[in-house]
Amino acid sequence: MQNRHTAKTGNKKMTLDSKYKESYFRKVIDDMDGYTPGEQPQRIGGWVKLNTNENPYPPSPAVAKLLKEVDPASLRLYPDPVCRELCKLVAQLNGLHLDNVIIGNGSDDILTIVMRSFVSEDELVVCPEPSYSLYPVLSQLQGVDCRCIPLNEDFSLPEDFLRHAIGAKLLLIPRPNAPTGTAFTMDKMREICGGFDGMVLIDEAYADFAEESCVDFIHEFPNVIVCRTLSKSYSLAGIRLGYAMGSHHNIAGMMKVKDSYNVNALTQKIALAALEDQAYLRGNITKICETRSRLCSALENLGFKVTPSQANFIFVSPPDGNGEKLYLDLKEKGILVRFFPGPVTGKYIRITIGTDKETDKLLEALK
Ligand SMILES: *Cc1c(COP(=O)(O)O)cnc(C)c1O
């Protein structure tokens, strides 16, 4: 007897086309490319890795201490599904109540939860362009359109941004922005949050390196959620921990959408230890901001166009305006930076702020 599958495909050798026709995926999945993460060479040795905005310094020593003391027997049990201790600590650090916080498996998980919570079929997502390239991908997965609204030439928000966003259900907006590193003015952020009809997710992945945060907006605007991550400022990209802050109503709704055990037990413990060590965090941020100023001045002296940054990376354009060539030349010399093809971004490369030694190597290679 023929089974269902051979009945469909017969004995024909499947070509790519016929395989495609036989795909069981939703059409949007077959049609999309998927997100391209920055290169993660599995042999770190030899590379100066300045391409995915990781922190060059180790996490708080409290994390090392904790890892030595973990009892494997504790892993037998499911983790706390709502990360109560972490919610309490995040709330305390931000002057909030624990009902105002939800924890995610990285802030990418938070973004997925937001998308699934607030956007249904036929609704529209908007974001600035350039910004985090995951936003359009998440929209595709949700089966909705993402309208990318071009920023001004200096990467500020256009005067008529709100007009372009009319009718959208969700606005995704990083502050500081990625990959430009610029922070939109607080006045403009207020104007947008107050004037936009749908939800606004302010992605503060880099806010610890910035002068200001929008976290207080969640008291001012019922349509604002702010998310953060431990991946960059806390040197913990490997544990996957992000969180969002918003009104109790918004957080309670998102709680229904998240996977029940979305944050593993080890991550919860490590994140607690790291968040408790605010002094270590501040020391690290100071070091990175100092290296950032030094690198910016040095690159300006080499004739680069340097975008003012409030993040742990800089977006710079070489004198010949050829970002791709510079990216390839640096790779040849063992230095990884990030290149984003495109008419605007193609003139630039994004460089993560590394240690002083890594910065010296970079500057040496550029001379
Ligand atoms: C790095 C980054 C994230 C993702 O952070 P994770 O917590 O590692 O998932 C989210 N948004 C922006 C803008 C980022 O640059």
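I'll start with the ground rules, then go from domains to sheets, helices and rings.

This is a predicted model, where local features need pLDDT of at least 70, side-chain atom pairs count only at pLDDT 80 or more, and totals for chains, interfaces and linings use all residues. Residues are numbered from 1 along each chain as its sequence is written, and side-chain values use heavy atoms, with hydrogens and water left out.

Domains first. The chain splits into domain 1 (48-58 + 279-366) and domain 2 (61-276). Those bounds come from an automatic or database domain assignment. The C-alpha centres of the two domains are 25 Å apart. Domain 1 puts 26 residues into the contact, and domain 2 puts in 22 residues. Contact here means heavy atoms within 4.5 Å.

Now a sheet. Three strands make an open sheet, in the order β9-β10-β12, with antiparallel pairing. A word on terms: strands (E, at least two residues) and helices (H or I, at least four) are DSSP runs, numbered from the N terminus. Two strands pair if DSSP finds at least two bridges between them. Which strands sit at the edges? β9 (305-306) and β12 (349-352) do, each pairing on one side only. Helix α13 (residues 278-301) packs on this sheet and touches β9, β10 and β12. Its direction makes about 5° with that of β10. Axes are lines fitted to C-alpha atoms, for helices over the stretch in contact, and angles run from 0 to 180 degrees between N-to-C directions.

Four bridges join β10 to β12, and the two run antiparallel. F315 has R350 in β12 as its bridge partner. V316 stands opposite I349 in β12. In β12, I349 and I351 point one way, R350 and T352 the other, and all are buried. Buried means under 20% relative accessible area, exposed means over 50%, and partly exposed is in between (1.4 Å probe, protein chains only).

R350 comes up again. What does R350 lie over? The face of F313, at 5.5 Å from the ring centre. A charge sits over a ring if NZ of Lys or CZ of Arg is within 6 Å of the ring centre and within 35 degrees of the ring normal. K287 is another case: its charged end sits over the ring of Y57, 3.9 Å from the centre.

Next, strand β8 (residues 242-245). G242 and A244 point one way, Y243 and M245 the other, and all are buried. β8 pairs antiparallel with β2 (residues 101-104) over four bridges, with G104 opposite G242. β8 also pairs in the antiparallel sense with β7 (residues 224-229), again over four bridges. There, R228 stands opposite Y243.

On to helix α7 (residues 134-142). Its buried residues are L134, Y135, V137, L138 and S139. What do they pack against? α6 (107-118), β3 (124-129), β4 (145-150), β5 (170-174) and β6 (199-203). Take S139. S139 counts as buried because its relative accessibility is 0%. Leaving out residues up to four places away in sequence, S139 touches M115, V125, V144, D145 and C146. Just after α7, G143 takes a positive phi of about 80°.

P176 lies in the loop between β5 and α9 (186-195). Is P176 buried or exposed? Buried, because its relative accessible area is 0%. Not counting residues up to four places away in sequence, its contacts include D203, Y206, Q310 and A311. P176 and I202 are 26 residues apart in sequence and 9.4 Å apart in space, C-alpha to C-alpha.

Last, the rings. How many aromatic pairs does a search of the whole structure find? Nine. Rings of Phe, Tyr and Trp (its six-membered ring) pair if their centres lie within 6.5 Å; planes under 30 degrees apart count as stacked, over 60 as edge-to-face, and the rest as tilted. One of the nine is Y78 with Y261. That pair is stacked, at 4.4 Å centre to centre and 15° between the planes. Y78 is in the loop between α4 (61-69) and α5 (84-93), and Y261 is in the loop between α11 (248-257) and α12 (265-276). So the pair links distant parts of the chain, 183 residues apart.
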